[in-house]
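Open the model in a viewer and show it as a cartoon. The stops below say what to select next and what is there.

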Amino acid sequence: MSTPHLTHVTHPLVQHKLSIMRKSDTPSVQFRQLLREISQLLAYEATRDLVLTTQRIETPLTEMDAPMLAGKKLALVSILRAGNGLLDGILELIPSARVGFVGLYRDEDTLEPVQYYFKAPDALGTRPVIVVDPMLATGNSSVAAIDLLKKAGAKNLRFLCLLAAPEGIARMKEAHPDVPIITAAVDSHLNDNGYIVPGLGDAGDRMFGTK
Ligand code: URA
């Protein structure tokens with residue numbers, strides 16, 4: 001179900017690719033490739049409301065006012081490290097995007113995010129900002145990252161993920177009701193360790209072959 005706060009991308013290609021990613025025997029190389037492909041399909045939805053202007057151009061036949069993206073270049077912000085798996089695909093689609101990084105790791109006891117890095121593009125307040133992280137689990141990291149980005153001036157944000165847990169969606173909606181979420185799936189629940197069920201395991205480990 002999609003609402004103004006949540007876009008669930010149910011496209012069959014996205015769903016098929018995601019199911020392969022979920023399988024525990026899918027190797028990292030295929031996992032990364034599928035993530036790259038899905039990231040582009042999700043980015044297509046996440047950028048649906050970008051503002052257009054027109055530019056006078058000449059085709060081989062005539063002149064026309066052709067639609068072009070308006071305003072400042074979009075900013076993509078990856079929540080390290082798993083967010084990086086979504087970056088390359090989206091950059092292929094939007095090569096002029098500026099890129100930022102928020103380094104947060106999850107304290108495995110408290111499940112609270114701890115910040116270790118922050119670097120954002122300039123003029124954040126004038127750019128559409130897409131924050132990317134494959135897993136919206138507790139929502140703690142995404143809420144913390146968006147807090148930091150808002151403090152740095154960001155006003156027009158959206159959050160793109162592969163999987164979302166109902167707990168994370170609720171937390172985001174409470175903390176940042178102005179930030180729409182774009183996801184390929186809304187799973188059942190979080191387990192006691194904060195993992196999404198049925199999920200796909202640790203996205204960073206699946207991507208990079210670590211444990
Ligand atoms: N982060 C992951 O990588 N996987 C989960 O299931 C939850 C958080």
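Start with D205, which is part of helix 6. This is a predicted model. Is D205 buried or exposed? D205 has a relative accessible area of 19%, and buried means under 20%, so D205 counts as buried. Now show what surrounds this residue. Leaving out residues up to four places away in sequence, D205 touches S28, R81, T210 and K211.

Next, select residues 84–93, which make up helix 3. Its buried residues are G85, L86, L87, G89 and I90. What do these buried residues pack against? Helix 6 (203–208), the helix that holds D205, is one of the partners. The others are helix 2 (28–46), strand 4 (75–80), strand 5 (98–106), strand 7 (128–132) and strand 9 (156–160). Helix 3 lies across strands 4, 5, 7 and 9, and runs at about 160° to strand 4.

Colour its seven strands in the order 1-11-9-7-4-5-6. The sheet is open and its pairing is mixed. At the edges are strand 1 (6–8) and strand 6 (113–119), each of which pairs on one side only. On average, neighbouring strands here are turned by 20° against each other, with direction ignored.

Finish at strand 1. In general, strands of a sheet pair through backbone hydrogen bonds, either parallel or antiparallel. Which sense applies between strand 1 and strand 11? Strand 1 pairs with strand 11 (residues 181–183) in the parallel sense, over three bridges.

Terms used:
Residues numbered from 1 in each chain as written. Predicted model: local features only at pLDDT ≥ 70, side-chain atom pairs only at ≥ 80, totals over all residues. Heavy atoms only, no water. Buried < 20%, exposed > 50% of the residue type's maximum accessible area, 1.4 Å probe, protein only. Helix = DSSP H or I, 4+ residues; strand = E, 2+ residues; numbered from the N terminus. Contact = heavy atoms within 4.5 Å. Pairing = 2+ DSSP bridges. Axes fitted to C-alpha atoms, helices over the stretch in contact; angles between N-to-C directions.
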